[in-house]
Amino acid sequence: MSVLAGAEWSYQKYKFFGLSLSGIRTAIAMPDLSLAFDVAQGYPYLLNLKRFFISHGHLDHAAGIPYIISQKAMTGQPTAQFYMPTSLVEPMDQIMKTWERIEQHQYKYEFIPVRADDEFQLNAQTYVKVFPTQHRVESYGYTVFETHKKLKPEYHNLTKEEIVELRRKRIEVSDIHHTPLVSFTGDTQIEFLDSRPWIRQSKVLFLEATYLDDRKSIERARQWGHTHLDEILPRLTEIQSEQIVLIHVSSRYSDQEARRIISSRVPAEFHDRVVLFPGR
Ligand SMILES: [Zn+2]
Ligand SMILES: [Zn+2]
């Protein structure tokens, strides 16, 4: 693993490349959909993606925005789209204008303000939906949804010919199902979990867990707008995700130590579902 490529982790056919370490860097790329959640300092594994969903403006999550824009210009790539909290758009635009002055070069970029429940279409079957999170500054999480057409239950017993006949009469025989595939939280207090029902239903949930044991109290974690493992453990039964991927773990825990604490504190029945993201 290196900062050039990020660490790889996968779920079914989807690959993720990323790094996440509290206060230092967080950027998780999903190359299949040409997007990333947060950009850390703008690592090479992010530079060819089209869309960037920024959770909030702290430097460990968003510092890479100007660098990615400049690298895209240098390699002649199309304008990148950065989705971000509304309050971040104007200051980020000022930063770009300042950098344009320094470099005496004009950059192309698109900063798209987001609000809770906004939806952004990625392709015919996939879109991203925004959910609110609770941090020290305006912050959001993002969910990738997949849509599938499924035959309505009342038509399940029909033959192929009968279905074709219904279609010919322009009768809608199928429903569209929306599946929350991946949710990403950025930095947040645990309350985000109750803000929208689909978060807990996401197949994969990237969940910040900055503190893992009593070296920091829940109270201190909350004071800084973060989540403590002690707050996650009692919620595990209600989270329906097939994979709960812990990110943003504090650098006070070594990789080995973090794994040891997680495996000793997470009940055995959840060991297959709760994992530490491999890149830090
Ligand atoms: Zn952070
Ligand atoms: Zn933060």
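Reader: What makes His 248 buried or exposed?

Author: Happy to go through it, and bear in mind that this is a predicted model. His 248 has 28 other C-beta atoms within 10 Å. The label buried calls for 20 or more, so His 248 is buried. His 248 sits in the loop between strand 13 and helix 8 (255–265), and its phi is near 65°, a positive value in a residue other than glycine.

Reader: And why is Ala 40 called buried?

Author: The cut-off is again 20 or more other C-beta atoms. Ala 40 has 24 of them within 10 Å, so it counts as buried. Ala 40 also has a positive phi, about 45°, although it is not a glycine, and it lies in the loop between strand 4 (35–37) and strand 5 (51–53).

Reader: Why is Pro 132 called partly exposed?

Author: Pro 132 has 16 C-beta neighbours inside 10 Å. Buried needs 20 or more and exposed 12 or fewer, so Pro 132 falls in between and is partly exposed. Pro 132 belongs to strand 9 (residues 126–132). Beyond its neighbours within four places in sequence, it is in contact with Ala 116, Tyr 140, Phe 192 and Ser 195.

Reader: How do you know that strand 12 and strand 13 pair?

Author: Pairing takes at least two bridges. Five bridges join strand 12 (residues 204–208) to strand 13 (residues 243–247), so the two strands pair, and they run parallel. Leu 207, for example, has Leu 246 in strand 13 as its bridge partner.

Key: Residues are numbered from 1 along each chain as its sequence is written. Chains are lettered from A and ligands numbered from 1 in the order in which they are written. This is a predicted model: local features need pLDDT of at least 70, side-chain atom pairs count only at pLDDT 80 or more; totals for chains, interfaces and linings use all residues. Helices (H or I, at least four residues) and strands (E, at least two) are DSSP runs, numbered from the N terminus. Two residues are in contact if their C-beta atoms, placed from the backbone, lie within 7 Å.
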